[in-house]
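Morning, everyone. Please bring up the model on the screen.

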Amino acid sequence: MIYVIVGIAVLIVVWLISEYNFFVTAKARIKAAVQEIGNQLKRQADLIPNLESSVKGYLKHEKGILQMLSDARKLVAAGKDASKQISEVLPKLQIVIESNPELKADNVVGKLMDELRDTSDKVMYARRLMIDLTADYNVKRVSVPSNIIANLFNFEELKGLETPTEGAHLKVSSEEMKSHKVNL
Amino acid sequence: MVNVYEAVEANKFKSTAIIVLFSIFVAVAVFFISQAFAIYQGYEPGGLGIVGIALIVSGVMSMGGYYFSDSIILGISGARPANKKKDFNFFTVSENLAIGAGIPMPKLFVIEDSAPNAFATGRDPKHAVVVATTGLLEKLTRTELEGVVAHEFSHIKNYDIRLMSIVAVLVGMIALLGDWLIRSTWYGGRRSNDNDDNKGAGIIMLIGIIFAILSPIVAQLIQLAVSRRREFLADASSVGMTRQPAGLISALKKISDDQEPLEAANKATAHLYIVNPFKEGEKRTVGWFAGLFNTHPPVAERLKALQKMV
């Protein structure tokens, strides 16, 4: 009989400890998830100017070739000798075409779009993790029997991802209504 | 309309129920077969030594595959590690889902095969491997690929590879036990003191032999039921991660419409793929009986379950 009582007591203590540990770990994980969101937002901020400048540089290079080509075309149209210009631009053009059979410019722009989509996905998933963890924590906090532990140790409800419902960012100024010019 | 949480919970419950059923069946089958063994050999009923031997043999046979599953993948001809430049979508989608699921990034591999398919393996999230075919990466859009990779991540997160390995060890053990009992009655001479045994021993002997014949098949059928249930669970958890049932729905349609069989697949890993790699039984199979022998539920049923979540 005494063994049964001791056994039950041990089980209760083990359960108590594991529940308590769940709440503490969940809180620590939620904190880490918040940091992860900040981490991904920083990645996004770092990436965009970086990508834009690299794409810009690439297009400038191709624009130069296009400029040479159109100069050559103009000379031909005007009935002047353009062989010098053409012999200059053709090898360059060949190199560009050989290294990239398909339209390289479109590809680079496409890559930029891919990276941009990926980085916003990463922010979204970092937020998802935080939302999921908080939801698990809050559900456990109010459901029987773990709510006993939550009340005993005062584990408060966590708000999760907050979306501000007021503030300047919710208003649209006339300046923002204008469509953006993307500088490539 | 089912919300994702309910779908995941319901699937977890059903899957647990099947596993409990499986455990009970294993216990009963092992009990009767070992009792029959004991009576046949003339021991006192209750000797479980033979069960221990069967468990060890079956365990050694299956555990190698379980423990080394992540390195065995490297042996598949043409598997190469995925890199960000070549497999941009596959790589980044996996990165993102690892963030979302809160698991370490698994190792990613690509098999050169035009049949679209994917699978996950590895004994725990730290040793997980996700493999996709080049066909899959070429034919699916990013959103569809996200659904497929999330399905594989669910297998990892739910410890399905560990579960299926344990189930496989138990099925193997029962098959060995049954085999040994039947073989020993076949070759061994009957004991002379058999006639002195009471009626109860005879009945247990009979039940034991019936179990020895039937239980390997029954155990395998339950194993397949577990596998099918885990597929439903992985589908539901996939939607839980991406919140985009439409992506997985159109991916499943594309994969199952493709009639090309996957060359790298074998029977041991078939249950890990997102869609049965042998492409048998999806369209040709008629009736529930043939369905009992599939590792995967019919795609139509999976689509129906997913459509409820849209």
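About 1300 Å² is buried between chain A and chain B, and carbon and sulfur atoms give 46% of that. Buried area is the accessible area (1.4 Å probe) that two parts lose on being put together, summed over both. In chain A, A:Arg117, A:Tyr125 and A:Arg128 lose the most area to chain B, together 41% of what that side buries.

A word on the source. This is a predicted model: local features need pLDDT of at least 70, side-chain atom pairs count only at pLDDT 80 or more, and totals for chains, interfaces and linings use all residues. Residues are numbered from 1 along each chain as its sequence is written, chains are lettered from A and ligands numbered from 1 in the order in which they are written, and side-chain values use heavy atoms, with hydrogens and water left out.

Back to the interface. 14 residues of chain A are in contact with 18 residues of chain B; contact means heavy atoms within 4.5 Å.

How many salt bridges are there between chain A and chain B? The count is 4. A salt bridge puts a side-chain nitrogen of Lys or Arg within 4 Å of a carboxyl oxygen of Asp or Glu. B:Arg142 and A:Asp121 form one, at 3.3 Å, N to O.

Now the helices of chain B. The axes of α9 (residues 245–257) and α11 (residues 299–307) come within 10 Å and cross at roughly 170°. Therefore α9(B) is roughly antiparallel to α11(B), a term for angles over 145 degrees. Axes are lines fitted to C-alpha atoms, for helices over the stretch in contact, and angles run from 0 to 180 degrees between N-to-C directions. Helices (H or I, at least four residues) are DSSP runs, numbered from the N terminus.

Technical notes. Helix = DSSP H or I, 4+ residues; strand = E, 2+ residues; numbered from the N terminus. Parallel < 35°, antiparallel > 145°, perpendicular 65-115°, else oblique.
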